[in-house]
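Keep the sequence and the model in view while reading.

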Amino acid sequence: MTKADTAFRTISEVASETGVAQHILRYWETRFPQLRPLQRAGNRRYYRPADIDLVRRIDTLLNRQGYTIKGVQALLARDAPEPAPPPPAPRPELLAELRAIRDAMADALATDGTPARD
């Protein structure tokens with residue numbers, strides 16, 4: 001029985017699928033912050049499809065293209081998406097207007113005989 005492409009994989013499945021030993025995968029987790037499989041009870045690791053793609057990319061860069069660990073770290077950091085800017089602070093006048101609309105809707109529902117929800 002084979003798993004779907006979108007299914008999570010255990011570390012042993014990833015190791016056999018990619019040819020990267022389990023102890024190397026655990027080491028890479030300490031060196032590459034982008035590689036963070038889910039960990040469940042007993043520290044059992046579950047790799048998402050994106051994690052497996054990242055393992056393949058790291059393996060290619062290190063073992064086939066000759067990059068060093070620091071070189072791969074720099075490449076991955078450079079390719080990381082920029083963090084999203086923080087959302088704008090709510091404007092007090094907008095909040096007051098939204099509260100007035102909410103209250104008007106609650107009053108309309110109450111006069112209609114329909115119970116108002118919180």
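**Leu25 and the core**

Leaving aside neighbours within four places in sequence, Leu25 has contacts with Ile11, Val14, Ala15, Val20, Leu35, Tyr47 and Val55. The model is predicted. Leu25 also belongs to the largest nonpolar core.

- The largest nonpolar core has 18 residues, and those touching the most other members are Leu25, Trp28, Tyr47 and Ile58.
- Two or more residues of this core come from each of helix 1 (11-18), helix 2 (22-31), helix 3 and helix 4 (69-79).
- With six residues, helix 3 gives the most to this core.
- In soluble globular proteins, nonpolar side chains tend to be buried together.

**Asp59**

- Asp59 lies in helix 3, which spans residues 49-64.
- Asp59 counts as buried because its relative accessibility is 9%, and the cut-off for buried is under 20%.
- The side chains of Asp59 and Asn63 are joined by a polar contact of 2.4 Å.
- Not counting residues up to four places away in sequence, Asp59 touches Thr18, Val20, Trp28 and Arg64.
- Among these, Trp28 is one of the core residues that touch the most other members, and Val20 is also in contact with Leu25.

**Asp51**

- Asp51 is found in helix 3 as well.
- Is Asp51 buried or exposed? Asp51 is buried, because its relative accessibility is 4%.

Technical notes. Residues numbered from 1 in each chain as written. Predicted model: local features only at pLDDT ≥ 70, side-chain atom pairs only at ≥ 80, totals over all residues. Heavy atoms only, no water. Helix = DSSP H or I, 4+ residues; strand = E, 2+ residues; numbered from the N terminus. Buried < 20%, exposed > 50% of the residue type's maximum accessible area, 1.4 Å probe, protein only. Polar contact = N/O pair within 3.5 Å; in protein donor to acceptor, adjacent residues only side chain to side chain. Contact = heavy atoms within 4.5 Å. Core = buried A, V, L, I, M, F, W, Y, C linked by side-chain atoms within 4.5 Å.
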